[in-house]
Amino acid sequence: MPLAACGGGGGSDGSPAPAPTPAAPPPALPTETEAARFLAQAGFAASTAEMAKVQAQGYSAWLDAQFAAPGSQGHFDWMVAKGYAVDANKNNFNGVDNTLWRKLLSSPDPLRQKVVLALSEIFVVSMAGLPITWPGFAVAAYVDMLEQRAFGSFRDLLDGVSLSNAMGAYLNMRGNKKEDSTSGRLPDENYARELMQLFTIGLVELKADGTPVLDAAGKPKDSYTQAQISELARVLTGWEFDGASATDPAFMRKPMVHLSTRFSVGPKKVLTVDVPASATGPEALKIALDTLANHANAGPFFSRQLIQRLVASNPSPAYVQRVAAVFNNNGQGQRGDLKAVIRAVLLDSEARTPGSSPSSGRLREPVQRFIQWGRSFGLNSPTELWNIGDLSNPASRLGQSPLRSPSVFNFFRPGYVPPNSQLGAAQITAPEFQLCNESTVAGYLNYMQNVIANGAGEVKPSYAAELALAADAPALVQRVALLLAGGGVSPTTVNTIATAVATINASSDAGKLNRVQAAILLVMASPEYLIQK
């Protein structure tokens, strides 16, 4: 029997079979430095254990595990369990800062927590604008909703945001009533405006890469008109809290309900899409959110902001276009798959390769620096109350605190370009620099010097691994720089810091601790750390 007939090496004519195409080599596993840099983008911090996981599994498998990780106890349930659901807290935010810091600093699902923080800065609700009963529980329920939908679909996220009690109160959709010709009352336009401007499509028409579409005169084309805002406001009438209670905050967990008697009558429009007069309020809302979620702007508009919050303040149009393409279609015909979008943001070549140009990377926002320090050095609350408080004071604290932005425009605008600077001259967007001034720079350094040494109240760090290296200043600083900057601090700066740290006498336990604290503070004060590449 010819050899070929048995599956041997010859062709049917006896000639040698062509060599099989070699399989593509598997992607190289990350180095320790690459793992640390990835974890700062995909989470907040790079512990030794998490770096080892990323090195062993690779980026994609680590993301898979994070997507599959169960959530920890929700904010609302924690506040109830800790006794905050009492009459004394009916009109305040007691317990909210505690639970926000609890999860940001200790929850074992860092990717979800990082994405939720990002979403809270895109779909903004702020404690600065909730004059309602049980406002703390409204905020807790809102962040729980973001957690529950962070890895779902963009369209479902819009539902959750739009019908949450916190957003309803913050942007006036709750209690929004139909027009009244007798009194001259018109529907409130606040949520209609921000739903389009900030949450879905933005002010101007966008190309697939997020750059503006220009009209014949070379000016950006508006996405909508004032008349279209007014029309959408009519669509959004009739919503109210479901069973509001002065004695029990449980209603804050339920989405708003629709009251048909408050709903604008007659036909309506969402942009150019008709809403028939026969549509109920919930049906009209569905048409509105479907229209906006399917708008051509939604992919590039949302994708660019998520890139800004996780990776780069001034992403290239090509980067935005690649992520927006995944938003439009995850490869299986699904639009707005947030898992796929997050994966695309974090695994893109521009995310995984440190940039060297002035437009690459991002200024780490103060809250993320604090969370990174806490997670890197085992910040723990013995009382389980996480009494860190409001860090908004720019002179004595961070100038930023979760869910406490001064307005719906967040702590900084996504299109902010620092004036009177090299970044400004080059028209490079750098949103976080909107928080950066003489007061906040000094306030950050003073606050971090204190908490690195003393913790935040009863919340204390642990420096056991660093103390073991305290006698070797270069090794100590190298470890701190790896954990915090993921290779972003140059050897020259590491050597400069190590030289300074070595001047501290380490012959006693107190001296060793002083070395560790100085190493952390000096790394966290260095411009190379502050700019996350």
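Entry 1: Buried means under 20% relative accessible area, exposed means over 50%, and partly exposed lies in between, with a 1.4 Å probe and protein chains only. I noted that this is a predicted model, in which local features need pLDDT of at least 70 and side-chain atom pairs count only at pLDDT 80 or more, while totals for chains, interfaces and linings use all residues. Residues are numbered from 1 along each chain as its sequence is written, and side-chain values use heavy atoms, with hydrogens and water left out.

I then checked Phe76, which is buried with a relative accessible area of 3%.

**Entry 2: aromatic pairs.** I used this rule: rings of Phe, Tyr and Trp (its six-membered ring) pair if their centres lie within 6.5 Å, and planes under 30 degrees apart count as stacked, over 60 as edge-to-face and the rest as tilted. The count by this rule is 19 aromatic pairs. One of them is Phe67 with Phe151, edge-to-face, at 4.9 Å centre to centre and 90° between the planes. Phe67 lies in helix H3 (residues 59-68) and Phe151 in the loop between helix H7 (135-149) and helix H8 (154-163), so this pair ties together parts 84 residues apart in sequence. Helices are DSSP runs of H or I with at least four residues, numbered from the N terminus. Both Phe67 and Phe151 are buried.

Phe76 and Phe137 also form an edge-to-face pair, at 5.1 Å centre to centre with 70° between the planes. Phe76 is in helix H4 (residues 75-81) and Phe137 in helix H7, 61 residues apart, and the pair links distant parts of the chain.

I also found a cluster in which ring pairs link Phe123, Phe154, Tyr191, Phe199, Phe302 and Phe327.

**Entry 3: arginines.** I looked for charges over rings (NZ of Lys or CZ of Arg within 6 Å of the ring centre and within 35 degrees of the ring normal). Arg174 lies over the face of Phe241, 3.9 Å from the ring centre. Arg352 has its charged end over the ring of Tyr59, 4.9 Å from the centre.

Arg375 is in helix H17 (residues 366-376). Arg375 is buried yet has none; Asp109, the nearest side chain of opposite charge, is 5.3 Å away. Lys and Arg count as positive, Asp and Glu as negative, and His and the chain ends are not counted.

Definitions and conventions
Helices (H or I, at least four residues) and strands (E, at least two) are DSSP runs, numbered from the N terminus. A salt bridge is a side-chain nitrogen of Lys or Arg within 4 Å of a carboxyl oxygen of Asp or Glu.
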